[in-house]
Amino acid sequence: MGTSDLDEKRSSAESVRDNEKSEKHTSAHGIAVSVTEVDTGAALVAGDHGELDPAEAARVLRKIDIHILPLMCVLYWIQFMDKTTLGSSAILGIQCVASYHTLLAPYTDHRKATHLTTNQYNWLGTVFYLSYLAFEFPQNLALQRFPVAKWMSINIFIWAVALCSHAACTNFAGLLVARLVLGMCEGSITAGFLLVSSMFYTRTEQTLRVGYWFLMNGTAQIITGFVSFGSLHIHTARFEPWQWLMIITGALTLVTAALFWFLFPDSPTDAWFLTPPERAVAVLRLKVNQTGVENKHFKKEQMIEALLDPKTWLFALFSALDNVPNSLTNQRQIIESSFGFSVLQTTLLGCVDGAVEIVTIWTGTKISARTGSRAWVAVIYSVPNILGTILVTTLPWSDKVGLLFSVWITGVGTTGFVIALSWLSAVTAGHTKRVTTNAIMLGAYCIGNAAGPFMWQARYKPRNHVPWTVIGVCYGCCMLTLLAIRALLVAENRRRDAAQATAEPDPWDDVYVERRAQDGSGRMERVKVDKEYLDLTDRQNRDFRYVY
């Protein structure tokens with residue numbers, strides 16, 4: 001840590017006062033900082049807590065898993081199902097262009113459909129991500145400022161109402177507004193989950209847990225297939241199958257909003273299911289991360305550091321390129337039906353897409369966590385995607401089974417994005433910096449998703465050679481970007497190892513907070529705070545080492 005960095009940190013701290021009005025200053029006994037300047041977990045673990053008991057840490061981890069993982073998995077399943085209702089609705093009558101009239105005749109009255117053109121349908125997929133992009137940074141700032149679980153619950157409720165509102169729309173304009181609100185609210189979920197995962201889990205554990213809740217996307221595809229199949233057989237005078245699909249999924253989302261409000265914790269420092277000693281253990285477990293839990297104070301210098309950090313933009317580039325192919329989310333069932341499968345067959349075949357995603361994400365994150373390798377696992381899991389794009393454009397059009405398998409294996413590479421999400425959290429320290437990098441990566445995710453739908457033009461059908469070629473190129477560039485990130489982090493670790501041997505003593509090794517004694521005497525006491533809970537960034541902390 002250089003003198004300029006230290007002075008910058010001090011000047012930032014001097015602008016803040018804790019609730020005891022104690023100011024930050026330096027003395028022969030070290031650096032005193034405001035309570036609000038350090039991590040929220042510092043108050044729980046300040047002072048000497050001794051060695052962490054592995055058995056107790058494992059017990060607390062199990063307790064955390066039992067109480068938050070099921071809710072995270074359920075919500076991620078719900079949000080993906082809601083997001084893909086547009087794709088499912090395409091074969092349930094919402095679009096109802098001429099090519100679907102014959103197929104849907106036994107199930108729908110196309111006179112009640114919204115009569116979307118291909119471009120209008122593509123815009124509905126794009127506006128969701130444009131809204132997601134526009135509100136992503138404000139959502140991340142809100143997640144830092146307000147209690148995480150409560151903020152997500154409010155957003156879940158609003159998007160549930162927006163989803164149900166789809167059923168009342170009779171034209172493109174109404175659907176466009178509903179999709180805009182949906183994107184605005186869903187922008188809080190992945191960002192919130194990344195923060196929650198970094199608050200409760202170590203870096204290795206994050207890889208697995210992010211994989212667990214992300215693979216619920218595959219589960220959503222399976223369940224949505226059966227829900228769509230059931231909706232197709234609902235015959236009512238006023239509602240079409242696609243409208244019932246919106247109402248059913250919206251109702252499930254409303255229930256999830258209530259569960260989150262009452263049951264999901266905001267952080268380990270106030271988790272209702274942990275006792276005060278268990279909360280301290282939960283925070284101490286994260287010492288190995290060198291990232292702390294959270295800090296509610298926005299730090300401009302950390303945001304600037306995130307913007308100037310090369311790895312931030314490499315992750316963003318990967319995210320954008322990897323999500324151009326994600327336009328398949330709303331196209332898979334249309335593509336599979338074009339191979340000659342019936343509406344019922346296409347609806348159920350969507351379950352296989354989900355199964356592929358579940359198996360590959362689960363195995364990929366397990367291998368990554370066990371080996372400690374993130375880049376190479378993500379690269380290897382991208383190979384089937386490129387193979388799939390080659391086969392789907394070269395196999396004879398009459399080989400519908402071969403074409404179907406080609407589309408299925410293009411879902412294997414989703415594993416790379418899942419690994420990248422947890423990887424970014426593991427190599428970014430400083431709460432404001434983490435919030436900023438999450439917003440940038442998810443913003444790039446939106447850009448890729450917003451651009452993708454426009455590849456699927458009517459003039460490219462039925463073989464879609466142009467979009468499939470673009471998808472193959474994107475996956476190839478993703479592999480190169482992952483290797484570039486790995487090379488950058490390896491070089492930085494080596495530089496830090498070499499510099500540490502000759503470095504001067506680190507001033508952040510001797511930091512304390514001043515607080516009122518808990519014995520009721522009213523006197524002020526100084527309590528040492530470990531470096532891991534000072535809300536330092538990965539660049540400020542000399543002991544931080546990047547994983548790759």
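Predicted model: local features only at pLDDT ≥ 70, side-chain atom pairs only at ≥ 80, totals over all residues.
**View 1. The loop between H21 and H22, with proline 462 and asparagine 464.** The peptide bond that leads from lysine 461 to proline 462 is cis, its omega being near 5°. Asparagine 464 lies in the loop between H21 and H22 as well, and its phi is near 55°, a positive value in a residue other than glycine.

**View 2. The salt bridge between glutamate 305 and lysine 433.** The structure holds 16 salt bridges, and one of them is shown here: glutamate 305 pairs with lysine 433, with the closest N and O atoms 2.9 Å apart. Because glutamate 305 belongs to helix H13 (residues 300-308) and lysine 433 to helix H21 (residues 431-451), the pair ties together parts that are 128 residues apart in sequence.

**View 3. Helices H7 and H8.** The axes of helix H7 (residues 148-165) and helix H8 (residues 172-200) come within 9 Å of each other and cross at roughly 155°, which means that H7 is roughly antiparallel to H8. The crossing in which H7 passes H8 is left-handed. On the H7 side the contact is made by residues including Trp151, Met152, Ile156 and Trp159, and on the H8 side by residues including Val181, Leu182, Glu186, Ile189 and Phe193. Sorted by class, the residues of this contact comprise 17 nonpolar, three polar and one charged.

**View 4. Helices H3 and H10.** Helix H3 (residues 54-83) and helix H10 (residues 216-231) have axes that come within 8 Å and cross at roughly 55°, and the two helices are therefore oblique to each other. Their crossing is right-handed. The contact is made by Cys73, Tyr76, Trp77, Gln79, Phe80 and Met81 of H3, together with Met216, Asn217, Thr219, Ala220, Gln221, Ile223 and Thr224 of H10. Eight nonpolar and five polar residues make up this contact of H3 with H10, with no charged residues.

**View 5. Helices H3 and H9.** H3 also packs with helix H9 (residues 203-214), at an angle of about 35° and with the axes 8 Å apart. From H3 the contact involves Leu61, Asp65, Leu69, Met72, Cys73 and Tyr76, and from H9 it involves Glu205, Arg209, Tyr212, Trp213 and Phe214. The contact of H3 with H9 counts eight nonpolar and three charged residues, and no polar ones.

View 6. An unreviewed UniProt entry lists several spans under "transmembrane region", among them residues 213-232 and 468-489. In the model, residues 213-232 are 90% helix and 0% strand, and the end C-alpha atoms of this span lie 29 Å apart. Residues 468-489 are 100% helix and 0% strand, with end C-alpha atoms that lie 32 Å apart.

How values were computed: Residues numbered from 1 in each chain as written. Heavy atoms only, no water. UniProt positions renumbered as here; feature names shortened; annotations may be inferred. Helix = DSSP H or I, 4+ residues; strand = E, 2+ residues; numbered from the N terminus. Axes fitted to C-alpha atoms, helices over the stretch in contact; angles between N-to-C directions. Parallel < 35°, antiparallel > 145°, perpendicular 65-115°, else oblique. Left-handed = near helix turned anticlockwise from the far one by under 90°. Contact = heavy atoms within 4.5 Å. Nonpolar A, V, L, I, M, F, W, Y, C, P; charged D, E, K, R; others polar. Salt bridge = Lys/Arg side-chain N within 4 Å of Asp/Glu carboxyl O.
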